[in-house]
Amino acid sequence: MTGILFVAGLVLLVLGAELLVRGASKLAAAFGISPLIIGLTVVAYGTSAPELAVSVQSSLAGQADLALGNVVGSNIANVLLILGFSAAFAPLVVSRQLVRLDVPLMIGLSFLLFLLAFDGRISRLDGAVFVACAIAYSVFKIFQGRRENYTLDDQQVSSSPARGVSDWAMQLGLVISGLALLVLGANWLVDSAVTFATALGVNELIIGLTIVAVGTSLPELATSVIASVRGERDIAVGNVIGSNIFNIITVLGVTSVVAPEGIHVPGAVLAFDLPVMLAVAVACLPVFFTGYQIARWEGFLFLGYYVAYTLYLILQATQHAALPLFGTVMLTFVVPITVVTLVVIVLRAIRERPARVTSHTDGLH
């Protein structure tokens with residue numbers, strides 16, 4: 001019965017997110033907001049709604065470790081698993097705006113979360129700071145989207161008023177239905193995940209970092225892969241970056257405000273998982289900077305790291321004898337080689353960029 005509830009919860013989460021994203025995207029498009037802004041806000045917020053529902057529900061149920069593990073694990077999965085999987089399908093072109101504004105913001109917020117969690121707790125005051133950031137970020141993105149699209153024909157957007165009103169009502173119905181399914185799916189998912197953790201003797205933090213994190217990231221995965229295949233690269237990448245930002249400032253913000261005593265941060269998260277989340281966020285900048293795209297090989301690299309991260313969590317949870325050797329190999333060989341490779345690629349891109357600019361300028365003459 002527990003397994004059925006778990007699968008049903010995941011299905012409801014995915015279905016609810018699909019309805020929410022479909023309705024919200026059309027509502028946003030009706031107001032003349034660009035695909036990138038839609039990806040960073042409406043789609044990102046919609047596909048991250050499962051994380052919000054699961055985290056708030058688990059926090060109210062006294063399972064704060066599951067709430068924190070869900071967010072941290074989802075942020076890691078969003079970059080390594082979802083961007084990696086999407087780029088493996090087709091190279092992803094990255095907007096300059098993401099490189100200059102949103103990715104540095106994601107890195108800054110990840111670092112802020114690490115600092116606020118350093119005392120072992122994300123307090124209600126910390127949560128209020130994150131919620132204020134969420135409001136400011138959302139308002140800024142809305143105004144930015146409207147400013148980018150001020151040349152749109154307003155008559156075209158507002159034509160057929162009667163039909164427009166009925167369309168908006170239908171999309172609003174999809175949004176409400178999606179939210180209802182997300183809440184119900186979150187309840188079933190949290191209950192079954194806690195039961196699994198107890199039965200298997202695995203702590204809730206590991207369950208949150210792996211099974212629940214991947215489960216609640218399925219909407220982002222489906223959205224980004226489909227957008228990548230259809231050529232909507234701005235939505236594919238913006239969805240992931242926006243979701244990571246949303247997870248920190250809104251999911252953790254709201255959850256820590258709602259939780260009676262805030263969110264407790266275990267020492268294991270401070271020592272390993274939060275630094276990994278921060279490192280993954282920082283790794284986006286050089287990858288995105290190299291030609292403003294994520295190549296297929298970089299996608300496979302991200303996927304490989306996610307497999308290694310998940311394997312480490314499993315070895316750690318089971319206290320397997322191979323854990324020390326695995327950690328030594330990762331720290332001694334794999335990570336340094338990857339860092340050196342990224343640095344070489346960035347330096348090569350910096351040297352080649354002036355040549356490309358000069359060539360482009362000569363062509364104009």
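How much accessible surface does the protein chain have, and what share of that surface belongs to carbon and sulfur atoms? The accessible surface comes to about 16600 Å², and 71% of it belongs to carbon and sulfur atoms. Accessible areas here come from the Shrake-Rupley method with a 1.4 Å probe, and for residues only the protein chains shown count as cover.

Good morning. Please keep in mind that this is a predicted model: local features need pLDDT of at least 70, side-chain atom pairs count only at pLDDT 80 or more, and totals for chains, interfaces and linings use all residues. Residues are numbered from 1 along each chain as its sequence is written, and side-chain values use heavy atoms, with hydrogens and water left out.

Let me begin with confidence. The term pLDDT denotes the predictor's confidence in each residue, from 0 to 100. For the protein chain the mean pLDDT is 75, and 75% of the residues reach 70 or more. A contact means heavy atoms within 4.5 Å.

I turn to the overall architecture. The protein chain has 13 helices and four strands. These elements are DSSP runs numbered from the N terminus: helices are H or I with at least four residues, and strands are E with at least two. Of the 365 residues, 51% are buried. Buried means under 20% relative accessible area, exposed means over 50%, and partly exposed lies in between, with a 1.4 Å probe and protein chains only. Among contacts with a separation of 6 or more, 86% join residues 24 or more positions apart.

Met1 lies in the segment before α1 (2-30), and Met1 is exposed, with a relative accessible area of 73%. Met1 and Ser192 are 191 residues apart in sequence, yet their C-alpha atoms are 9.0 Å apart in space. Val14, in helix α1, is partly exposed at 31% relative accessibility. The C-alpha atoms of Val14 and Ala222 are 8.8 Å apart, across 208 residues of sequence. Asp119 belongs to the loop between α5 and β2, and Asp119 is exposed at 60% relative accessibility. Between Asp119 and His264 there are 145 residues of separation in sequence and 9.5 Å in space, C-alpha to C-alpha.

Next, two helices. The expected span of a helix is 1.5 Å times one less than its number of residues. Helix α3 (residues 49-60) has 12 residues and should span 16 Å; its end C-alpha atoms are 17 Å apart, which agrees. Nine of the 12 residues in α3 are buried, and the helix is thus mostly covered; Pro50, Glu51 and Val54 are among them. Gly62 follows α3 with a positive phi near 85°.

An α-helix has 3.6 residues a turn, so residues three or four places apart point the same way. Just after α12, Gln319 takes a positive phi of about 50°.

Asn75 is found in α4 and is buried, at 2% relative accessibility. Not counting residues up to four places away in sequence, Asn75 touches Ser243, Asn244, Asn247, Ile248 and Met277. Phe85 also lies in helix α4 (residues 64-89), but Phe85 is partly exposed, with a relative accessible area of 33%. Together with Phe89 and Val229, Phe85 forms a nonpolar patch on the surface, with about 280 Å² of accessible area. Patches are made of residues with over 30% relative accessible area and no salt bridge; like charges are joined within 9 Å, and nonpolar side chains (Val, Leu, Ile, Met, Phe, Trp, Tyr) within 5 Å.

Finally, how many salt bridges does a search of the whole structure find? The search finds one, a salt bridge being a side-chain nitrogen of Lys or Arg within 4 Å of a carboxyl oxygen of Asp or Glu. The side chains of Asp102 and Lys141 meet in it, at 3.0 Å, N to O. Asp102 lies in helix α5 (residues 96-116) and Lys141 in helix α6 (residues 124-148), so the pair ties together parts that are 39 residues apart in sequence. Both Asp102 and Lys141 are buried. Side chains of opposite charge can pair when their charged atoms come close.
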